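Colleague: I am new to this one. Please take me through a single part of it closely.

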Amino acid sequence: MKQAQNINEVILFLDEIIEKSKIDQSNLGLFAILYREVTVKVKQGIQDGAFQNGERMEKLDVTFANRYLKAYYEYEAKEKPSECWGFAFEQADKFWPIVLQHLLLGMNAHINLDLGIASAEVCTVEDIADLQHDFDKINSILSSLVGGVEKCLIKIWPTLTWILKFTGKIDTFFIDFSMETARNGAWKFANEFVAVPENEREACAQLRDQRITEIARLVSNPGYFVSAVFKFIRLFERGTIAQKIIDMQIMEEKNMECVAA
């Protein structure tokens, strides 16, 4: 079970997951690309002094990432990860979920469950309030990178421009919903979880996991109309899974350059 010791190892392990996903033609690589770019931005932010406490931020980043890595390697080993991650990973093997849904399922599990737990693990009840500025900064970084996803999706789906105009940007609605819900819910959960006695934390995390899995089911099956639109989009996706991963890598790199500029 690979677990990172520092932020550079997080990036290294994510690179391995991405390259393996290309070889395996696995949709698991899609979220890994987005998450890698978030991690690179966090690393740069630490180096530039953008966070109030760089040392604590790297500890949080590694603790946060290790929860995703643990879930990923458990799933690969045919073991049982947390329920919401298990559900997200299972969708990667199915035909109908579109790229956007794979990204949102990963964001849902990692932010709504993992971020709150990781934040509580690097803080105490007395000092967790000091983390809020840097906690919000991570979410701002993720929001800025998600903004470039639509351009990537248009390349994968040639018909997406027309569909977005016709449907009123369903994808933007889903991203905004996910980010707002995740940001507020994760911080509230972090403050609750840090006060839970050690011997009760596992049960508390399992209860939270069940609730977050319900959100994952909504993302996977968002109702008749939206599901019908997504299925139509899926039929016109272009390229193999490996090509989609490559397209996302290129677009995320360009997005990173734009954000940096």
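Between which two helices is the loop that holds W96?

Modeller: W96 sits in the loop that runs between α4 (83-91) and α5 (99-121). Helices here are DSSP runs of H or I with at least four residues, strands are E runs of at least two, and both are numbered from the N terminus. This is a predicted model, where local features need pLDDT of at least 70, side-chain atom pairs count only at pLDDT 80 or more, and totals for chains, interfaces and linings use all residues. Residues are numbered from 1 along each chain as its sequence is written, and side-chain values use heavy atoms, without hydrogens or water.

W96 is partly exposed, at 38% relative accessible area. That class runs between buried (under 20%) and exposed (over 50%), with a 1.4 Å probe and protein chains only.

W96 also belongs to a nonpolar surface patch. Patch residues have over 30% relative accessible area and no salt bridge; nonpolar side chains are joined within 5 Å, like charges within 9 Å. A salt bridge puts a side-chain nitrogen of Lys or Arg within 4 Å of a carboxyl oxygen of Asp or Glu.

Now the setting. The chain has 12 helices and zero strands. Of its 261 residues, 54% are buried. Its accessible surface is about 12,300 Å², and carbon and sulfur atoms hold 54% of that.

Terms used. Accessible areas come from the Shrake-Rupley method with a 1.4 Å probe; for residues, only the protein chains shown count as cover.
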